[in-house]
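The sequence and structure come first.

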Amino acid sequence: MNRILVPVLFLIALMYFTSPVYAQSEYYVQSVKAKVMSATSFNSTVMGEVGKGYKFTSTAKVGTWVKVKYINKDGYVSSLLLATHPPFDRIALIKGDESEITQGVRRRASSFTSAAAARGLTADDRRRLGTEERADYELLDYMESFKVSTDELNRFMEGRTQ
Amino acid sequence: MALIIAGGSASPQPLFAAESYTNFRQRASVSDEILTSDIAEEIRFGREVAARIIARFGMYDNPEIMKYVNLVGNVLAINAGRPELEFHFAVLNTDEINGYAAPGGYIFLTRGAIANMQDESELAGALAHEIGHVVEKHAVKELNIKGQEKTSVSNLAMLIGGSSDSARVAFSQAVDKALDLLFKDGYKRADEIQADRDAVLFCALSGYAPIGLSRYFARIDKVKGKQTEIIDKTHPSFKDRIAWMGGMIKEEGIDTGDYKTAKDRFTKYITLLK
C-alpha cells in the first residue's frame with residue numbers, strides 16, 4: 001500500500017509546492033504603437049510608448065498582460081499587441097487564381113460528385129458540389145479597391161472631436 | 001508545405017456565463033506563431049469565402065459609406081496585432097442585422113446592422129468584433145481540417161495548392177463549412193466571447209468608447225423577427241455578452257478615460273444610408 005501511496009503523495013507535494021517556471025521570452029510589438037503601463041490596467045500610469053517591431057524581454061505573463069522590462073523597470077503591455085515573432089510585412093496576393101479554383105471545381109463537377117460519394121459526404125455536401133454556390137469576384141475586387149493611406153487615417157482620427 | 005500555428009490565443013473550452021472575466025484572462029495567451037506561407041493561404045481561402053458572402057447578399061454600393069467604413073475599420077486594424085494582413089471592409093445590402101468575417105481580413109457589416117447604430121463607437125465595436133474573429137483565426141481553427149500532423153492553415157495551403165480532384169473537393173468543402181459556420185452553426189461560445197473581448201480592447205486602444213458595442217447589443221436585443229434570425233441562432237445571448245463585457249471594461253480599467261463616440265460624424269454618414 002505504502003509503495004503506491006508514497007510516490008503519489010510525493011507527486012502531489014511536488015505539484016503543490018513548485019510554481020510554474022516562466023522562461024524569459026522575447027516579444028515584439030505588432031500594432032502601430034503600444035503603451036507600456038505600470039500595472040495590469042489601462043488606467044494605470046503610462047510609462048512610455050513604443051512603435052511596431054519594438055522588442056521586449058518578458059519575465060512573466062499576468063492574465064492578458066505581458067510583464068516586460070522597460071528602461072530597467074517592470075512594466076506591462078497588453079498581450080493583444082504582442083507576438084513572439086517580429087511583425088511580418090503586409091502580404092499581398094497575386095490575384096487571378098481564385099477563378100481557376102472555382103472553374104476547376106465546376107469543370108470536374110461529375111468527378112467530384114463521384115469522389116464525394118466515395119468519401120461518404122452527406123447529401124447536402126453532394127448537392128453543393130453539384131450546384132456550386134455563387135461567388136462574386138467583381139464586387140470582391142471593388143471591396144479591395146478601397147485603400148486608406150496613413151495620412152488619411154491620421155486626419156480621420158484627429159477628426160474625432162466628441 | 002511547412003507548418004505552423006503554435007499555441008492558441010485562448011482555450012477552446014466553452015466559456016460559461018458564470019465564469020468571471022478574471023478566470024478568462026488567466027486562460028488567454030499571446031498571439032500565435034505563424035509562417036508567411038500560411039498567411040498567404042489564409043488570405044486566399046478568405047477571398048473565396050468573402051466572394052460567396054458578397055454573392056449571397058450583394059454589396060451596398062455607396063462609395064462614401066464604403067470609404068467611411070474602411071476608415072473606421074482601419075483605425076481599429078492598426079491596433080489589431082496582425083500587420084501582415086490588409087483588412088477590407090464592406091456593407092452588405094440586406095436588412096438583416098449581422099456582421100461577418102472571412103479569414104485573411106475580409107469584414108462585413110449589414111446595412112440593417114448599421115441602421116441600428118447611433119454613433120461611430122458602436123460601428124467601431126461591431127467592426128472590431130469581426131476583426132477579433134480574424135485575429136484569433138476562429139474560422140480557420142474551427143474548420144480543423146485533418147491530415148497528417150499538420151495544422152489547419154497548413155492543410156488549407158495543401159488543399160489550395162493541391163491539383164488533385166480530391167484536394168479541390170476538400171477545398172470546396174472547407175469553404176462550405178466556413179459558410180455554415182457563419183450562417184448556420186455559429187462559432188463556439190468561447191470564440192464569440194473572445195471576439196467581444198478583443199473588440200472592446202481594440203476600441204479602447206483606438207480611442208473609441210469601449211461601451212459602444214454593449215450599447216449597440218442592447219438596442220438590437222430588442223429587435224425580433226427575421227432581421228435577427230441568424231444572429232440570434234449563431235451567437236450567445238446579448239444579455240450575457242453585455243454583462244460579461246461590463247465586468248471586463250471595469251477590470252481592464254477602461255471604464256473611464258478620453259474615449260470618443262464621434263456621434264456627429266456618424267450621423268452625417270448614416271443619413272446617406274437611409
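The text below goes through the interface, then the helix pair, then the loop residue.

The model is predicted. In it, 57 residues of chain A are in contact with 58 residues of chain B. On the side of chain A that touches chain B, at least two residues each come from β7 (82–83), α2 (98–107), α3 (109–118), α4 (123–131), α5 (137–144) and α6 (150–158) of chain A. The most is given by α5(A), with six residues.

Within chain B, the axes of helix α9 (residues 189–205) and helix α12 (residues 238–251) come within 10 Å and cross at roughly 45 degrees. This angle is why α9(B) counts as oblique to α12(B). The crossing of the two helices, α9(B) and α12(B), is right-handed. On α9(B), the contact is made by B:Ile193, B:Asp196, B:Arg197 and B:Val200; on α12(B), by B:Arg241, B:Trp244, B:Met245, B:Met248 and B:Ile249.

The table gives the residue classes for both contacts.

B:Asp221 lies in the loop between α10 (212–220) and α11 (229–234) of chain B. B:Asp221 counts as partly exposed because it has 15 C-beta neighbours inside 10 Å. Leaving out residues up to four places away in sequence, B:Asp221 touches B:Phe238 and B:Lys239. B:Leu76 is 145 residues from B:Asp221 along the chain, and their C-alpha atoms are separated by 25 Å.

Technical notes: Residues numbered from 1 in each chain as written. Chains lettered and ligands numbered in written order. Predicted model: local features only at pLDDT ≥ 70, side-chain atom pairs only at ≥ 80, totals over all residues. Contact = placed C-beta atoms within 7 Å. Helix = DSSP H or I, 4+ residues; strand = E, 2+ residues; numbered from the N terminus. Buried ≥ 20, exposed ≤ 12 C-beta atoms within 10 Å, placed from the backbone. Axes fitted to C-alpha atoms, helices over the stretch in contact; angles between N-to-C directions. Parallel < 35°, antiparallel > 145°, perpendicular 65-115°, else oblique. Left-handed = near helix turned anticlockwise from the far one by under 90°.
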